[in-house]
Amino acid sequence: MTVSTELELKSFVLLRLGERRFAVAADDTAELVSPSRVFSFPHGTPGIEGVILRRGRIVPVCDVAEKLIGTRLTERRFYLIALRRYGQRTEWVAIPVTGECELINAELTAASASDESHVAGWLSHAGDVIEVLNLDGLTPGLEDLSVGCVAPGQPGAQTHRGSEAEARP
Amino acid sequence: MPSPAPMKSGSLRAEQIILFRIGEQIFALSSSSVQEVRGADSLSGGASEIAAPGVHKVRQFVRRGPNTLFLVSGARHFGLPAPEGILAFVLRDTRTALLVDSIERMTTMTRLQALPLSFCHEERRWYRGLTALDQTVVPVVRPEGFLSDEELMMLDRAVPPPEAPSEETASELEAEAPTDTNLGTELN
């Protein structure tokens, strides 16, 4: 690998949660939308508030603030619609954010073994070192399933081995 | 801008559903999976008490010939702060009579979206998926999701053995036996 490849800039979306900023790879984001009605119904998955309707799709709303800044958001200005991977499949998730998002180009420093699973890497921007988020490690998903939680025939219904195959490395 | 693969929704064939309420929450259920709708009182009139450890959502059962129906509190099943339901849906091909508060209306759905994969706990057993009706999202319940095999085993263990029926009781049971009514057809 050449030095010029290592220094290749990538696009990121900066998002704000309270006083802190985080980044998501721009390739993994779809759009920024105004808050709309959240439809809630009984479920047992922590971190999911409910779902919103967006372009005819039903998109789960995942509040990641508690994991990232230790407190739930009391106000939100937008939902960042981002892609969440589940093995070979991808789905949209809506991440509530408290301010405008910004598209930047920056160099990614890869995460180290000591970083938490939700950290995809780090970037430096305007004097700040900013966490680049790995949404697969941050939002709930089927890889968190305990055996027997999926009804037969359901998407995600699989053997235990199948669940492991879907889990992040 | 990347886009996830198109959702694999259910077929576009319309399906008749019953919208019902438990507390403030609205759910949908395929009308073809409802064998009978009864007043909870009329069903529980012939019911016996049951207390199975770990299955607190069932407090009564009804014997119908060789079968035992368990009255499942919808509120306790879903963890909703609501009183015991006043209507009972006897669910076809199950041993569940689901207690709900009211029927909102009957309608049709043309699209059933799989439950997003972010939902990864017991709700995957509870729901067939979600449907959007009049700009509202409604969970579509899975009839067989109210009592798991394990719960049924625990309930069966807690059911006392049947007493030998007198002639009168036997004829009452016959009268109580379910008629194979397809509610969807009947209410059309």
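In the predicted model described here, Ala23(A) touches Phe12(A), Val13(A), Leu14(A), Leu123(A), Ile130(A), Glu131(A), Val132(A) and Leu133(A), when residues up to four places away in sequence are not counted; two residues are taken to be in contact if their C-beta atoms, placed from the backbone, lie within 7 Å. Ala23(A) is also listed, with Leu80(A), Ala88(B), Phe89(B) and Ala97(B), among the residues with the most contacts inside the largest nonpolar core, which has 86 residues. Such a core is a set of buried Ala, Val, Leu, Ile, Met, Phe, Trp, Tyr and Cys residues joined through C-beta atoms within 7 Å, where a residue is buried if 20 or more other C-beta atoms lie within 10 Å of its own, exposed if 12 or fewer, and partly exposed in between, with C-beta atoms placed from the backbone. Strand 6 of chain A gives the most to this core, with six residues.

Residues are numbered from 1 along each chain as its sequence is written, while chains are lettered from A and ligands numbered from 1 in the order in which they are written. Because the model is predicted, local features need pLDDT of at least 70 and side-chain atom pairs count only at pLDDT 80 or more, whereas totals for chains, interfaces and linings use all residues.

Chain A has four helices and 11 strands, helices (H or I, at least four residues) and strands (E, at least two) being DSSP runs numbered from the N terminus. Six of the strands form an open sheet of mixed pairing in the order 8-1-2-11-10-9, two strands being paired if DSSP finds at least two bridges between them. Strand 8 and strand 9 (109-110) of chain A stand at the edges with a single partner strand each, so that one side of each is left without a neighbour in the sheet. Strand 1 (residues 9-17) of chain A pairs with strand 8 (residues 102-107) of chain A in the antiparallel sense over six bridges, and within this pairing Leu14(A) stands opposite Glu102(A). Strand 1 of chain A is likewise antiparallel to strand 2 (residues 20-25) of chain A, over six bridges, with Arg21(A) as the bridge partner of Arg16(A). These two strands form a hairpin with two residues between them, and Gly18(A) in the turn has a positive phi of about 60 degrees. Strand 2 of chain A runs parallel to strand 11 (residues 128-133) of chain A, to which two bridges join it; here Phe22(A) stands opposite Glu131(A).

Chain B has six helices and 11 strands, and buried residues make up 39% of its 188 residues; in chain A the buried share is 33% of 169 residues. Six strands of chain B form an open sheet in the order 3-7-8-6-5-4 with mixed pairing, its edge strands being strand 3 (34-39) and strand 4 (48-49), each of which pairs on one side only. Strand 5 (residues 58-64) and strand 6 (residues 67-73) of chain B pair in the antiparallel sense over six bridges, with Arg63(B) opposite Thr68(B).

The mean pLDDT of chain A, the predictor's confidence in each residue from 0 to 100, is 83, and 80% of the residues of chain A reach 70 or more. Over residues 144-169 of chain A the pLDDT is below 50, although this stretch has 36 contacts in the model beyond near neighbours in sequence. Where pLDDT is low, the predicted coordinates should not be read in detail.
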